[in-house]
Amino acid sequence: MPRTASLTQTTDQAKLTTAVDSDVLLDITDLKTYFFTENGVSKAVDGVDFQVHKGETLAIVGESGCGKSVTAMSILQILDKAVGRIVGGRILLEGTNLLELSNREIRRIRGKEISMIFQEPMTSLNPVFTIGNQISEAILVHQRIAKSAAWDEAQRLLSLVGIPSPERTMRDYPHQLSGGMRQRAMIAMALSCNPKLLIADEPTTALDVTIQAQVMELIDSVKTQFGMSVLLITHDLGVVAESADRVVVMYAGKVVEQGEVGAIFENALHPYTQGLLQSMPRLDEDQPIGDLPEIAGMVPMANDRPEGCYFHPRCPKAMDICRQQMPELTTHGETRDVRCWLYTPEASNEH
């Protein structure tokens, strides 16, 4: 979608505003997040562009090491500052560049405007405080209300997310809850200030299949009820097919394809996306019994990536130009973007 470059800096805070599409909640442009270690510079996120529209669920998919979670942490600026830095790009939340805010201002954004739930709630919840203390504290950080009112609101949220005995759960510690109940408690905490955007980072990874379905149904339900957007980070294409409106496919720190879920599942363009889909079992198609196809090789290390297109060593359709130059992310059709030389004029000269 078109963007304008009309930027104005306010006097009371380091803030960028821009005339943006009113349907766009989050607009990320050329985001670069690097980790500076003894082994060199790791370009975990290397020029990422995508938008999250109001009221939609956008999924980011890819193998481990593709930069999905680092992208999410960059949005909230919760990186390990000893080694990790955002070195370029911009992150606009309704026109405000989050990268230009002070630490105090970004803390006001976290939890209130943007909330996040993590893949393993046991490592996110504090083991020495009760569930009720942790949720009510999250409310008190952003709302000027009495402690008793925050406690009542926390109990209401636990009931909202389907915990059967919220008054008892309020006094439980995290280790006293099952994995599914802990994840529900994390969702309740994330909803405590009615955020505009919920980032769900692999929210079902540590759960069994039945609980996974329940959690995803819960996220979809509260998204509709609260009128928020969801940024879903996952490697599970089945979850994407059931829950997302659009999908961003990442590989080695870059977006390689993005578009509407139905269009990509029916006609994936990038060889990496095609490989991901072929490796997923399909119940709606007759498939021979045996091992599913797999993508040969592994995602390259963030500090040791090949020249040209990062996927070319694993790509069955690689051409000479793929080994020499990185293709740009280009528009293909009305709603699809793809980063691949197969869809450029140079491709015809290779054949």
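Predicted model: local features only at pLDDT ≥ 70, side-chain atom pairs only at ≥ 80, totals over all residues.
Residues are numbered from 1 along each chain as its sequence is written, and side-chain values use heavy atoms, without hydrogens and water. Local features need pLDDT of at least 70 and side-chain atom pairs count only at pLDDT 80 or more, whereas totals for chains, interfaces and linings use all residues.

Helices (H or I, at least four residues) and strands (E, at least two) are DSSP runs, numbered from the N terminus. Strand E5 spans residues 57–61 and is mostly covered. Five of its five residues are buried, that is, under 20% relative accessible area, where exposed means over 50% and partly exposed lies in between (1.4 Å probe, protein chains only). In a regular strand the side chains alternate between the two faces of the sheet. In E5, Thr-57, Ala-59 and Val-61 point one way, and Leu-58 and Ile-60 point the other way.

E5 pairs with two strands, E10 and E11. Pairing requires at least two DSSP bridges between the strands. With E10 (residues 229–234) the sense is parallel, over five bridges. With E11 (residues 246–251) the sense is also parallel, over four bridges. Leu-58 takes part on both sides: Leu-231 stands opposite in E10, and Arg-246 is the bridge partner in E11.

The model holds 10 salt bridges, each defined as a side-chain nitrogen of Lys or Arg within 4 Å of a carboxyl oxygen of Asp or Glu. One of them joins Lys-54 to Glu-94, with the closest N and O atoms 3.6 Å apart. Lys-54 lies in the loop between strand E4 (40–53) and E5, and Glu-94 in the loop between E6 and strand E7 (96–97), so the pair ties together parts that are 40 residues apart in sequence. Both ends are partly exposed: Lys-54 has a relative accessible area of 41%, and Glu-94 has 35%. Lys-54 and Glu-94 also belong to a network of salt bridges with Glu-113 and Lys-196.

A second salt bridge links Arg-314 and Glu-63, at 3.0 Å between the closest N and O atoms. Arg-314 sits in the loop between helix H11 (271–278) and strand E13 (330–332). Glu-63 sits in the loop between E5 and helix H1 (68–76), so the pair ties together parts that are 251 residues apart in sequence. Arg-314 is buried, at 9% relative accessibility. Glu-63 is partly exposed, at 24%.

Lys-223 and Asp-245 meet in a further salt bridge (3.9 Å, N to O). Lys-223 is in helix H8 (residues 209–226) and Asp-245 in the loop between helix H9 (237–243) and E11, 22 residues apart. Lys-223 is buried at 9%, whereas Asp-245 is partly exposed at 39%.

Surface patches were drawn from residues with over 30% relative accessible area and no salt bridge; like charges are joined within 9 Å, and nonpolar side chains (Val, Leu, Ile, Met, Phe, Trp, Tyr) within 5 Å. Phe-36, Val-41 and Val-87 form a nonpolar patch of about 210 Å² accessible area together, computed by the Shrake-Rupley method with a 1.4 Å probe, with only the protein chains shown counting as cover for residues. Val-87 lies in strand E6 (residues 84–93) and is partly exposed, at 42%. Lys-81, Arg-104, Arg-107 and Arg-108 gather in a patch of positive charge. Lys and Arg count as positive and Asp and Glu as negative; His and the chain ends are not counted. Each charge is placed at NZ of Lys, CZ of Arg, CG of Asp or CD of Glu. Arg-107 belongs to helix H2 (residues 103–109).
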